[in-house]
Amino acid sequence: MSWDDPVSEIEALLPTLTGIRRDIHKHPELGFEEVRTQRLIKGWLTKLGYEPRECARTGLIADLRPDLHERGRTVALRADIDCLPMTELTELDWRSIHDGRAHKCGHDGHTAILLGTAAVLARHRERIAGNVRLVFQPAEEGVEGGGAKVMVAEGALDGVDEIYGLHNWPGYPRGELRTVPGPIMAQVSSFEITVRGRGGHASQPQDCRDPIVAAAALVTGLQTVVSRGLGSAGGAVVSVCTFESGETHNVIPDFARMTGTIRSFSDATSERVLSRMREIAKGIGAAYGVAVDVALETGYPVLVNDARCVSAVLRVAGGLDGLSLSERDLPMAGGEDFAYFAAEVPGAYFFLGAGREGEDTPGCHHPDFDFDDELIPTGMQIFLGLVRDRLSAPA
Ligand SMILES: [Zn+2]
Ligand SMILES: [Zn+2]
């Protein structure tokens, strides 16, 4: 067994890891409810000689070399472990046994990759000149503000020098790794705007303050937040996604309500977007004689990759056969709570393409999605390569 070239070890583990991946897929658990998954991970790590500690209720952290934690460098590797609140529509043998719960983002695969990495690392523990912290994170899919924030608050990154995380992505071709220094995923906020007018008989609009007309003007006005408010720099998305008002055809209602999402890649852009939204809301309220209220909920912050950590990922991945590197279409406007880890210590997040050539591979969050098991060895090779790269000094 060679630490410098663990390919044969990875191959030997694959049947077991694929089995575990499918078992987790079959028994998906929502954010902060990952009790069975946590037990499975804990059992696997304990058998390998780790002493896993519970963190963020249903998460776990484990150190490869707690003896070197204070004395050497510590590199953290993270997997998210939760599923989505949706129903699986596939006919796979390992399809979810629970309605309304399914691993449709591939976190089952991310978990299997980190479990496999843990197994190889454990066999070469003495040869690794530093500590590796394995971070199994609950609740990535937005429950209660995400599990990463809770893990950071509970000290999951105490003493950690760098952190790495990955995500499968069927929207990118298989065999491609995509990452970029700086912002890679968006700051996510949601908004709810209520428009309060005065309702009445539909034949007497002069006695009313029609909230529908005002809200419609507001939807149109919001289209200018990015196009006229940010100029050529752009870099934000404002989408109105729901619009509700009224109950019947001959009554002007009192009230209209809309909700939507905002994505941006810097705090400054985010502030500019929010201030333009408030100004437009206020102006339209005054113009139409209605009361407009804008409520905002801030989600995950911008995920910012550290340039040196990205270089390490590219160095490692560049040395692997059959893997090409790209920055195409990055940053992307999705949100990811790895942002909290990467804000705490330098880190890098990267995507492994999973799109099959000539096929319309179902994307993450699609009911037909399934994690591509062929990414397990690739993910392991990169995680192991990063450990080798970052902790290469002799013990
Ligand atoms: Zn997801
Ligand atoms: Zn995901």
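Predicted model: local features only at pLDDT ≥ 70, side-chain atom pairs only at ≥ 80, totals over all residues.
**View 1. The zinc ion (ligand 2) and its protein donors.** C105 (SG), H107 (NE2) and H167 (NE2) coordinate this ion at 2.0 to 2.3 Å; donors are N, O and S atoms within 2.8 Å of the metal (3.2 Å for Na, K and Ca), and water is not among the atoms, so sites may look incomplete. Along the sequence, the spacing of the donor residues reads C-x1-H-x59-H. C105 sits in the loop between β3 (74-80) and α4 (107-123), while H167 belongs to strand β5 (residues 162-173), 62 residues apart. Helices (H or I, at least four residues) and strands (E, at least two) are DSSP runs, numbered from the N terminus.

**View 2. The zinc ion (ligand 1) and its irregular site.** Here the protein donors are C105 (SG), E141 (OE), E141 (OE) and H365 (NE2), at 2.0 to 2.8 Å.

**View 3. C105 as the bridge.** The two zinc ions, ligand 1 and ligand 2, lie 3.2 Å apart and share C105. C105 is buried, at 6% relative accessible area, whereas H365 is partly exposed at 39% (buried is under 20%, exposed over 50%, partly exposed in between; 1.4 Å probe, protein chains only).

Residues are numbered from 1 along each chain as its sequence is written, and ligands from 1 in the order in which they are written. Local features need pLDDT of at least 70, side-chain atom pairs count only at pLDDT 80 or more, and side-chain values use heavy atoms, leaving out hydrogens and water.

Notes. Tetrahedral: all angles 85-135°; square planar, octahedral: opposite > 155°, others 65-115°.
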